[in-house]
Amino acid sequence: MNYQLLIYIYLFIVGISIGSFLNVCIYRIPRDESIAFPPSRCPNCGRKLTFWDLIPIFSFLFLKGKCRYCGEKINLRYPIVEILSACLFIGFYLIFGISYFYFKFVLLFSALLVVFFVDLSEKIIPDLISIPFTLIGIILSTFETFIPKLTTLIWQNANLYSSISSLSKVKSQVGLLSNNNNKLPIINSLLGIAIGYFILLLIAYLGKYFLKKEAMGGGDVKLAGMLGSFLGWKLNCISLYFSFLIGGSVAIVLLIIKKKNLKDQIAFGPAIILGALLSILYGEKFLQLIVP
Ligand SMILES: [Zn+2]
């Protein structure tokens, strides 16, 4: 049996299972419900769901997207989040191998997946996620500061057994991220938080002054701080720059096709999250382009 294939299957199963838990968070956190209790129920008929109703993706397919008991359509968000979570677990493995940065960014983006869908559906970014994760970012950068070896550890590389060149690719990617963290990751992390808060508060203030309306919610500000604590100040600036490009383009398109008007609130969280993903994937290359 192909050893690599086993790893992909394993990461897929872990990914969809975590995705299933993230779905519970997306539904319950904005409703102030416990994420551990009670067991899952159909939101329409209230029937308790059994093991067979809760297998990620597959239950949705077998049940043809409908509740077994009342026939109500199951929100498409459930399988979508499970698939995205599997993509996250496998995709980051292809980039980072099984390394310190793999765990760090899989953790961050699992939380961001929850924020993404909560903000889309409820137009809020829960403090319950952004504040604890800002602290987790600070704790991780403290480890990186005092145990620098951590950031260069690679336990398992995605294509180690098929090609050596991809191993060096993973090493350089991890190397770039840890170099970006300078000599003192903890300082970089704190600066990242400060710059995230500063940029978004500035926009919130300017928006209020010129447009006479709420341009940026407090949730967006705290989300930018949370990203800063994981990304450091440079990547956070690039991340926010990408976010404004994405958020601005989406807002213009929504205005043109008249799905929204100028008075509507448009969730900015998803744009911030996509910006963060782009900055992790391409931020270093982008930085080399503008600062040769
Ligand atoms: Zn039902």
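These legends accompany close-up views of a predicted model.

**View 1. The largest nonpolar core, made up of 53 residues.** F105, V114 and V115 are the residues that touch the most other members. At least two residues of this core come from each of α1 (3-28), α3 (77-96), α4 (100-122), α5 (127-146), α7 (185-211), α8 (218-256) and α9 (269-290). Among these helices, α4 gives the most, with 14 residues. Domain 1 (1-96) and domain 2 (123-292) each provide at least three residues of the core.

**View 2. The surroundings of V114.** Neighbours within four places in sequence are left aside here. The residues then in contact with V114 are L22, C25, I26, I29 and I129. V114 is also one of the core residues that touch the most other members.

**View 3. The kink in α9.** The kink is about 70° and is centred on Y282. The helix α9 has 22 residues, and its end C-alpha atoms are only 26 Å apart. A straight helix would reach 32 Å at 1.5 Å a residue.

**View 4. Buried positions along α9.** The buried residues of this helix are G269, A271, I272, I273, G275, A276, S279, I280, G283 and E284.

Conventions
Residues numbered from 1 in each chain as written. Predicted model: local features only at pLDDT ≥ 70, side-chain atom pairs only at ≥ 80, totals over all residues. Core = buried A, V, L, I, M, F, W, Y, C linked by C-beta atoms within 7 Å. Buried ≥ 20, exposed ≤ 12 C-beta atoms within 10 Å, placed from the backbone. Helix = DSSP H or I, 4+ residues; strand = E, 2+ residues; numbered from the N terminus. Domains from an automatic or database assignment. Contact = placed C-beta atoms within 7 Å. Expected span 1.5 Å × (residues − 1). Bend = angle between axes of the 7 residues up to and from the residue.
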